Amino acid sequence: MARDTGSEALARLAEERVDHRFKGLPPDAAGLTVGELAAQRRNLFTGGFTTPVLALSAERLEHNLALMETYAVRHGLAFAPHGKTSMAPRLFRQQIDRGAWGITLAVPHQVRVAREFGVERVFLANELVDPAALRWISAELDADPGFRLVCYVDSVRGVELMDAALDGARRPLDVVVELAAGEGARTGVRDEAECAAVADAVAGTRTLRLVGVAGYEGEVPRADPERVHAWLRRLVALAVAFDEAGRFAGLDEIVVSAGGSAWFDAVADVFAQIPELSAPVLKLLRSGAYVSHDDGHYRKLTPFNRVPQEGTLEPAFRLWAQVVSRPSAEQAFVNAGKRDAAHDLDLPFAQVVRRDGTERPATGVSVTALSDQHAWLRTTDEADLEVGDWVGMGLSHPCTSFDKWQLIPLAEADGTVVDYIRTFF
């Protein structure tokens, strides 16, 4: 059977039945399709949703998508947002419709999801030496002339393993040499001489094609603007040296890629200074957390804090839970915990309280700990909190917020749920 087109596969998401798999959704919606439930435009607070329930702001999502599209265009950057953040094909499509070159991913399973939903360009920001995954990707390349995948290489041994797995492939796999962000950083080649050795190993194969250089400045040790700019200049210098050595001969474009969510302003600064090479340069930015932003880690780290004239991202997630216990004047518990809320970087932030249709700031309420299914709240004398109240909490770290929810209501400011975002982790 032929695979659906990306549009057909996305349309089929609306045909999925609502059932026990999807927490937080109205119990009386069981049996409806996602599309039917969306058409009812139920209210998040009065439409039968159960707590805990994670909601994504429709207006803030749209704002963030538009802002990064504008930023990339303004700075002459191609954009391949990191899809590991959301693993939501509908969001992939919205990002591509807003001009993204393609989608960045991290592991083969994520590539399979993207391909199922019609993504034609993938930047795999990781080494790939798994023979089964390489053979599958090779088959995808052979079957679809419009599909392109670029991935990292960072060792001669890795090149040898890839070459063996891809023996007999009709199309070579495009690779970029990954430059490590420094000693003690994560993956990547530690010095330029070894980069050259890895590039030589690629040139000695028929199954791989060297198309550029890449890395991740977020791993620069003791990162600050000076160190990050210095590493990015090393990355550009490596591309220039490779080009001068003829390593990119015959290419239609040369890929130079970097850019997480904390330093994309530095990437824009340094990539603007890339000199003319033997082929046009694809300056590929890969930031991903912007799509929902957050109320903690990325709110503090976003480059827009340094360049506020360029715009402001808006946190789009809110986790709603209900007060189920109020054992003392200093303590309360809501029914959302580690299974529902990101907690790897910061605890959730109590923001608002709803009672009888009225919403007010969560004055005097803070989250102090999480159990599996409870959040521990500390309450001061200012707190007005009763059993049954709904508490809206902001979250930190988008990647570990999306991955706890398979179907996320997309809600407008008044609580009207206009659609649902399906994730695949």
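**Entry 1: the model**

I am working from a predicted model, and I kept that in mind throughout.

**Entry 2: helix 9 against helix 10**

I looked up how helix 9 (residues 225-244) sits against helix 10 (residues 264-271), and found an angle of about 45° with the axes 10 Å apart. That angle makes helix 9 oblique to helix 10. I also checked the hand of the crossing of these two helices, and it is right-handed.

Which residues of helix 9 and helix 10 meet? From helix 9 I listed Val-228, His-229, Leu-232, Arg-233, Leu-235 and Val-236. From helix 10 I listed Ala-266, Val-267, Asp-269, Val-270 and Phe-271. Sorted by class, the residues of this contact come out as eight nonpolar, one polar and two charged.

**Entry 3: cavities**

How many cavities of 30 Å³ or more does the whole structure have? My search turned up three. The largest cavity holds about 50 Å³ of space.

I then wrote down what lines the largest cavity: Ser-261, Phe-264, Ala-289, Tyr-290, His-293, Tyr-298, Thr-302 and Leu-313. By class that lining is five nonpolar and three polar residues, with no charged ones.

**Entry 4: the largest pocket**

Next I turned to the open spaces. The largest pocket has about 630 Å³ of space. I counted 33 lining residues, and His-82, Lys-84, Arg-186, Tyr-216 and Gly-260 are the closest to the pocket's centre. Which elements give two or more residues to this lining? They are strand 4 (121-127) and helix 11 (297-301). The class tally for the lining is 15 nonpolar, 12 polar and six charged residues.

For the second largest pocket I noted a volume of about 400 Å³. Its lining has 21 residues, and those nearest the centre are Ser-57, Arg-60, Arg-318, Trp-320 and Ala-413. Strand 1 (53-57), helix 3 (58-74), strand 10 (317-328) and strand 12 (349-355) each bring at least two residues to the lining.

How does the lining of the second largest pocket split by class? I got 10 nonpolar, three polar and eight charged residues.

How values were computed. Residues are numbered from 1 along each chain as its sequence is written. This is a predicted model: local features need pLDDT of at least 70, side-chain atom pairs count only at pLDDT 80 or more; totals for chains, interfaces and linings use all residues. Side-chain values use heavy atoms; hydrogens and water are left out. Axes are lines fitted to C-alpha atoms, for helices over the stretch in contact, and angles run from 0 to 180 degrees between N-to-C directions. Helices (H or I, at least four residues) and strands (E, at least two) are DSSP runs, numbered from the N terminus. Angles under 35 degrees count as roughly parallel, over 145 as roughly antiparallel, 65 to 115 as roughly perpendicular and the rest as oblique. A crossing is left-handed if the near helix is turned anticlockwise from the far one by less than a right angle, and right-handed if clockwise. Contact means heavy atoms within 4.5 Å. Ala, Val, Leu, Ile, Met, Phe, Trp, Tyr, Cys and Pro count as nonpolar, Asp, Glu, Lys and Arg as charged, and the others, Gly among them, as polar. On a 1 Å grid over the protein atoms alone, a cavity is a set of points where a 1.4 Å probe fits but cannot get out, and a pocket is an open set with protein on both sides within 12 Å along at least five of seven lines; lining residues have an atom within 4 Å of a point. Grid points are joined across faces, edges and corners, and a volume is the space filled by probe spheres set on the points.
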